[in-house]
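Visitor: I'm new to this one. Can you walk me through it?

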Amino acid sequence: MSENKVFNPLDKANIGKSVSSAILTQPIIPMAELNDFIGAGVYAIYYTGSFPLYKKIAEKNRSSFCQPIYAGKAVPQGARKGNMILDSLSGHDLYKRLNEHRKSIESVSNLDIKDFFCRYLIVDDIWIPLGESVLIQQTKPLWNNVLDGFGNHDPGKGRGKQQRSPWDTLHPGRTWAENLMSGKSSEELEKSIMDFLNNKN
C-alpha cells in the first residue's frame with residue numbers, strides 16, 4: 001500500500017503544470033494579424049490548413065484548438081548572458097519570436113500563414129523554461145517532436161556544411177536553408193510523421 005503524499009503547490013512539477021494550463025486558456029490569435037506587444041513568456045502555435053500530412057492536427061484545431069503543432073518560449077533580453085534579475089515586461093521578446101515564426105511560414109510555398117493561430121502567456125522569467133518544457137511534454141507538438149528545425153536561425157557564413165533541418169526539407173523556402181546539406185528525405189520524414197500521429201491518437 002502506497003503512502004499518501006501531501007500536495008505541494010510550489011513543487012516544480014506543479015508549477016510547470018500551472019503555467020502550461022494557463023497558456024491553454026489564453027485567447028487564440030491569427031498569426032497573420034499579430035500586433036506588437038511587450039512581454040516574454042511561452043507560446044503555442046496551431047495549424048488548421050489543408051497540408052495532407054497535418055490533416056489530423058488541423059481537424060482537431062478547427063473545432064477546439066486543442067493540438068499545438070509547435071510550442072516555444074521567448075526569454076527576456078539578457079537571459080543568455082547570465083543576468084540574474086530580469087523583467088518579463090521590459091521588452092518585446094515574445095512578439096519578436098512569434099514574428100520570426102510568421103516570417104518563416106510566409107517564406108515557404110506549401111504553407112499559408114492564414115492557417116496558423118497562436119496563444120501566448122507572459123510569464124515571470126524564472127518559470128519560462130519550465131512552462132515550455134511541461135507544455136511540450138503535455139501536448140506533444142509535431143514540430144517539437146518529429147519535424148525539428150522550425151525555430152532555427154540562419155547558421156551564418158562558414159557553417160554551410162550543416163544538414164538541412166527536417167522542417168526545411170518538408171517545407172522548403174527559407175533561402176538560408178537551401179544552401180545547407182541534405183538530410184533525411186521527404187519520404188522518410190512523411191513516414192515518421194504518420195507513425196507519430198497514428199501512435200499519438
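Guide: What follows is a short tour, from the whole chain down to single residues.

Visitor: Before we start, what kind of model is it?
Guide: This is a predicted model, where local features need pLDDT of at least 70, side-chain atom pairs count only at pLDDT 80 or more, and totals for chains, interfaces and linings use all residues. Residues are numbered from 1 along each chain as its sequence is written, and side-chain values use heavy atoms, with hydrogens and water left out.

Visitor: OK. How many helices and strands?
Guide: The chain has 7 helices and 4 strands. Both are DSSP runs, numbered from the N terminus: helices are H or I with at least four residues, strands are E with at least two.

Visitor: In what pattern along the sequence?
Guide: It reads α-β-β-α-β-α-β-α-α-α-α.

Visitor: How much of the chain is buried?
Guide: Of the 201 residues, 44% are buried. Buried means under 20% relative accessible area, exposed means over 50%, and partly exposed is in between (1.4 Å probe, protein chains only).

Visitor: And what about contacts along the chain?
Guide: Take the contacts with a separation of 6 or more: residues 24 or more positions apart account for 70% of them. A contact means heavy atoms within 4.5 Å.

Visitor: Let's zoom in on α2. Which of its residues are buried?
Guide: Helix α2 covers residues 55-64, and its buried residues are I57, A58 and N61. Seen down the axis, they fall within an arc of 95 degrees, so they line one face of the helix. The arc is taken from the directions from the helix axis to the C-beta atoms.

Visitor: What sits on the other side?
Guide: K55 and S63 are there, and they are exposed.

Visitor: Which side chain does K56 make a polar contact with?
Guide: With the side chain of N198, at 2.8 Å. A polar contact is a pair of N or O atoms within 3.5 Å; within protein, one must be able to donate a hydrogen and the other to accept it, and residues adjacent in sequence count only if both atoms are side-chain atoms. K56 and N198 are 142 residues apart along the chain, yet their C-alpha atoms are separated by 9.3 Å.

Visitor: What follows α2?
Guide: F65, with a positive phi near 45 degrees. F65 lies in the loop between α2 and β3 (70-74).

Visitor: Why point out a positive phi?
Guide: Because most residues other than glycine have a negative phi. K140 is another non-glycine residue with a positive phi, near 50 degrees. K140 lies in the loop between α4 (128-139) and α5 (142-145).

Visitor: New topic. How many aromatic pairs?
Guide: A search of the whole structure finds 14. One of them is W143 and F150, a tilted pair at 4.7 Å centre to centre, with 50 degrees between the planes. Rings of Phe, Tyr and Trp (its six-membered ring) pair if their centres lie within 6.5 Å; planes under 30 degrees apart count as stacked, over 60 as edge-to-face and the rest as tilted.

Visitor: Are W143 and F150 buried or exposed?
Guide: Both are buried. They also belong to one aromatic cluster, whose members include Y43, Y70 and W167.

Visitor: Last one: how many disulfides?
Guide: The structure holds 0; a disulfide is a pair of cysteine sulfur atoms within 2.5 Å. As for cysteines, C118 is buried at 0% relative accessibility, while C66 is partly exposed at 43%.
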